Amino acid sequence: MYRDDAVSEVVGFSLILGMVILSLGLLSVHAAPQITEDLEYSQNDNVLRQFAAFKYDLDLFLAAENTGVYGRTVFTFVPEQTSFSVFSFSDLTPGRISMERGVPAFQNNGTDYYPVVFTYQSANRYAENILLELRAGTLTVDPSGLTIPAFGTEDSASSIVVTDSSFVPWVVSGVEQVIVEYRLEHVLHSDSGTLYVFDFSMR
């Protein structure tokens with residue numbers, strides 16, 4: 001008479017292995033995206049706070065009107081928390097930051113000045129696509145619609161601008177840290193309002 005003890009062990013091991021594979025599959029389909037989405041939301045919130053601090057620093061420059069003074073801001077594009085599990089998660093891509101020349105142009109004594117626009121776009125792998133924008137002193141977030149007002153009262157017009165000759169567009173993706181340096185060069189009073197002319201550099 002033949003004994004089937006070995007067959008029972010193989011069947012039992014196969015069942016256990018199947019359950020482990022099923023568990024990992026459910027984790028990768030449901031739990032992993034949710035955890036990574038939470039990390040990306042945390043990263044976006046972190047960048048939003050950094051943009052708000054950057055805007056505050058620029059507002060201080062505008063309030064003091066001290067030309068020739070340098071400022072520096074360091075942006076860090078990594079999640080504040082890290083995840084760990086028996087399942088291996090892929091790291092989040094920090095996103096894309098850019099500095100662009102905006103429109104319209106401002107005229108003053110025959111010289112064109114352009115608003116500078118800073119943007120940050122998330123990697124958009126799991127969370128919704130969130131775009132942060134700092135345009136002429138106003139911080140906006142799409143699609144949530146949060147707006148931090150520009151410096152000054154509603155009746156006063158003030159714009160952070162750059163000269164066309166000194167402006168260099170800048171775009172980078174997949175970095176963990178960006179350093180923005182700036183200097184208030186001129187304060188111009190024109191028909192367009194008060195123009196605060198900055199020199200920006202990024203690295």
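Ground rules: residues count from 1 along each chain as its sequence is written, and side-chain values use heavy atoms, with hydrogens and water left out. Because the model is predicted, local features need pLDDT of at least 70 and side-chain atom pairs 80 or more, while totals for chains, interfaces and linings use all residues.

**Exercise 1.** Work out what kind of aromatic pair Phe61 and Tyr182 form, and which elements the pair ties together.

*Solution.* Start with the cut-offs: rings of Phe, Tyr and Trp (its six-membered ring) pair if their centres lie within 6.5 Å, and planes under 30 degrees apart are stacked, over 60 edge-to-face, the rest tilted. A search of the whole structure turns up twelve such pairs. For Phe61 and Tyr182, the centres are 5.4 Å apart and the planes 65 degrees, which makes the pair edge-to-face. Next, place the residues: Phe61 is in helix H1 (residues 5-64) and Tyr182 in strand S10 (residues 177-190), so the pair ties together parts 121 residues apart in sequence. Helices (H or I, at least four residues) and strands (E, at least two) are DSSP runs, numbered from the N terminus. Last, check burial: both Phe61 and Tyr182 are buried (under 20% relative accessible area, 1.4 Å probe, protein chains only).

**Exercise 2.** Classify the ring pair of Phe118 and Phe200, then say where each residue sits.

*Solution.* The centres of Phe118 and Phe200 are 5.1 Å apart with planes at 70 degrees, so this pair is edge-to-face. Phe118 belongs to strand S4 (residues 111-121) and Phe200 to strand S11 (residues 193-202), 82 residues apart. Phe118 and Phe200 are both buried.

Methods:
Buried means under 20% relative accessible area, exposed over 50%, partly exposed in between (1.4 Å probe, protein chains only).
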